[in-house]
Amino acid sequence: GGSVKRGKMPEGEKTSQRKQEEEQQQKEPAREGLIEFYSSYQELFQFFCSNTTIHGAIRLVCSKKNKMKTAFWSVLFFLTFGLMYWQFGILYREYFSYPVNLNLNLNSDRLTFPAVTLCTLNPYRYSAIRKKLDELDQITHQTLLDLYDYNMSLARSDWSTLSARKRSSRSLLHHVQRHPLRRQKRDNLVNLPENSPSVDKNDWKIGFVLCSENNKDCFHQAYSSGVDAVREWYSFHYINILAQMPDAKALDESDFENFIYACRFNEATCDKANYTHFHHPLYGNCYTFNDNSSSLWTSSLPGINNGLSLVVRTEQNDFIPLLSTVTGARVMVHDQNEPAFMDDGGFNVRPGIETSISMRKEMTVRLGGSYSDCTEDGSDVPVQNLYSSRYTEQVCIRSCFQLNMVERCGCAYYFYPLPTGAEYCDYTKHVAWGYCYYKLLAEFKADVLGCFHKCRKPCKMTEYQLSAGYSRWPSAVSEDWVFYMLSQQNKYNITSKRNGVAKVNIFFEEWNYKTNGESPAFTVVTLLSQLGNQWSLWFGSSVLSVMELAELILDFVAITFILALRWFRSRQQLSPPGPPPNSHDNTAFQDETRGLSAPHRFTVEAVVTMLPSYNSLEPRGPSRDGEVGHE
């Protein structure tokens, strides 16, 4: 029989065949994974700079063989980035400052006539408090006589009756003596004796003393003007007299016909349904026209003939001379459902003068929220509204002072509304309320109470810009028949006719009214537009370029995470945990086990050879590979 010997492939052929297989594998296309990351930061930045649409980035790669150019473009590139983000910071700061644009609009329409309040400037001697006022006048007369040697004449006073009343009741005198009106030397003359020839009466300050309840702390409420001091001192005691009357504010001794002789609006006569009445402690009887009634007045046309025209009596009948030192009337124009603060917005009308007041309406609408600290209706203001009207800044400020007055002094100031559960200050019940009030007033003016910060402006408000013109009324040639008609119709029998009447005209100057509105100056759309402008200015790129930069940042974070994970794993492999204490040394066994259990890497090679021809199968002697024979 014949035999076939298995030959061993020579080493040279095996090496060449292996090279051919590797070349064939390299020629095969590499498969792309779903998510692939760069192997290094250098590869990442090189790819970004070569393919991004951001201007200037390619110069960092193409000039890498020239280190000077690479450094120059690197500095320029990052400097440009810094300048751009500096501009971004300015834009963001401006956006979050919430600027506004002021919009001015002129509107033309029929206008609702505002409310008009007119006061007599004549504090009235109510019959309920007449006796105490007469007693106060007598005490004041004696005080002025002692201080200034002035003998004040008391009109309609019965000295014998006053003396008898003084003997029967000394309560008012006791409280006046507790708060006396006295003189005090000026600061630069304190060390001089009172009888010094260099001290003149004009070198004294006059005021009154206010002390705490236990008389441990007193201060001198001084005034540089003696007139102001006397009026303030008299007013202080006058308020105490009013506060002792529980229904003093409800007293209605008004005489509309004897104060307002004529009233016409839009060429139509006014009646009692067109006004409301209230009493002011200093300004006397006050009348408000067109105030929140069912049918508000509307001006059909602008001009003096289409407004409110009043003829008022300015004679001070049965007045209080120590409380009111002016004659005439006081007028204020305000919006409906707003209280008339005569001290703030009013002005006086002179007797014997026709005052023509032209108005221009002006509305202001502010943006709330982040754009300003205005309030819509005052519900978010931490101050209770004590007035029966809508919120205004002055309403809030006065309410704030009154609430602090009740909290600190235990009683309420008479000029402001009464909070629930409180009572008005009266030195028969609250001995030291005057001391507490003037101390609190000083803190209020210095904003220690915080009322000016708590009370915010309303987001929507209406104001009236006024301008006045004056002329003599009635004229010299017409005063005879005018006064005669007034005497026939209104029983006008005043001796000083010239100072006894005045005329007031209030009207719209034009139909146009101005609206001042606010709108956001920097919206989100504006911000994005400005950011895009800056990006295009510095890099000449678009939104997609921003996405490329975002992709660069994400890839950078991913590579950092992968490299950190590899470093952590390599650290674990380089430092295996040591053997536990008290264990046997079985290193040889572990090496043997590791050798048995460790997987071996096999290389499988497939060798394909052609079968030899039959004639080549000849015996060649013994072989270690074996032989095959035929029997």
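**Entry 1: before starting**

I keep in mind that this is a predicted model.

**Entry 2: the sheet**

I began with the strands. In what order do the five strands of the open sheet lie? I read the order as β9-β10-β3-β13-β14, and the pairing is antiparallel. As a reminder to myself, strands of a sheet pair through backbone hydrogen bonds, either parallel or antiparallel.

Which strands are at the edges? I found β9, residues 275-280, and β14, residues 347-349. Each of these two pairs on one side only.

I also looked up how the neighbouring strands of this sheet are turned against each other. On average the angle is 25 degrees, with direction ignored.

Strand β3 covers residues 115-119 and strand β10 covers residues 284-289. How many bridges join β3 to β10? I noted four, and the two strands run antiparallel. I then followed C119 across to β10, where its bridge partner is C286.

**Entry 3: the disulfides**

How many disulfides are there? The count comes to eight.

My opening pair was C211 and C218. Their sulfur atoms are 2.0 Å apart, and they form a disulfide. Is this disulfide right-handed or left-handed? The torsion about its S-S bond is about 115 degrees, so I wrote down right-handed. For the buried label I needed the cut-off, which is under 20% relative accessible area.

Then I went to C396 and C455, which are joined by a disulfide with an S to S distance of 2.1 Å. Here the torsion about the S-S bond is about -75 degrees, so this disulfide is left-handed. Where do the two cysteines lie? C396 is in helix α11, residues 393-409, while C455 is in the loop between α13 (451-454) and β16 (460-472). The pair therefore ties together parts that are 59 residues apart in sequence. Buried or exposed? I checked C396, and it is buried at 3% relative accessibility. C455 is buried too, with a relative accessible area of 3%.

Helix α11 came up again with C409. This cysteine is joined to C436 by a disulfide, S to S 1.9 Å. With -85 degrees about the S-S bond, I recorded the link as left-handed. The pair links distant parts of the chain: C409 sits in helix α11 and C436 in helix α12 (residues 433-445), 27 residues apart. Both ends turned out to be buried, C409 at 14% relative accessibility and C436 at 17% relative accessible area.

**Entry 4: the salt bridges**

My last topic was charged side chains. Side chains of opposite charge can pair when their charged atoms come close. How many salt bridges does the structure hold? I noted eleven.

One of them is between the side chains of E267 and R264, at 3.4 Å from N to O. I looked up how accessible the two residues are: E267 is partly exposed at 48% relative accessible area, and R264 is partly exposed at 36%.

Then I followed R360. Its side chain meets that of E509 in a salt bridge, 3.4 Å from N to O. What does this pair tie together? E509 lies in the loop between β17 (501-508) and β18 (512-520), and R360 lies in strand β15 (residues 353-365), so the pair ties together parts that are 149 residues apart in sequence. At 38% relative accessibility, E509 is partly exposed. R360 also has 38% and is partly exposed.

I was pleased to meet R360 in another salt bridge, with E510, where the closest N and O atoms are 3.7 Å apart. Again the pair links distant parts of the chain, with R360 in strand β15 and E510 in the loop between β17 and β18, 150 residues apart. E510 is partly exposed, at 30% relative accessibility.

To finish, I looked for a network. Which residues are linked in a network of salt bridges? I wrote down D335, E338 and R390.

Methods. Residues are numbered from 1 along each chain as its sequence is written. This is a predicted model: local features need pLDDT of at least 70, side-chain atom pairs count only at pLDDT 80 or more; totals for chains, interfaces and linings use all residues. Side-chain values use heavy atoms; hydrogens and water are left out. Two strands pair if DSSP finds at least two bridges between them. Axes are lines fitted to C-alpha atoms, for helices over the stretch in contact, and angles run from 0 to 180 degrees between N-to-C directions. A disulfide is a pair of cysteine sulfur atoms within 2.5 Å. Buried means under 20% relative accessible area, exposed over 50%, partly exposed in between (1.4 Å probe, protein chains only). A salt bridge is a side-chain nitrogen of Lys or Arg within 4 Å of a carboxyl oxygen of Asp or Glu.
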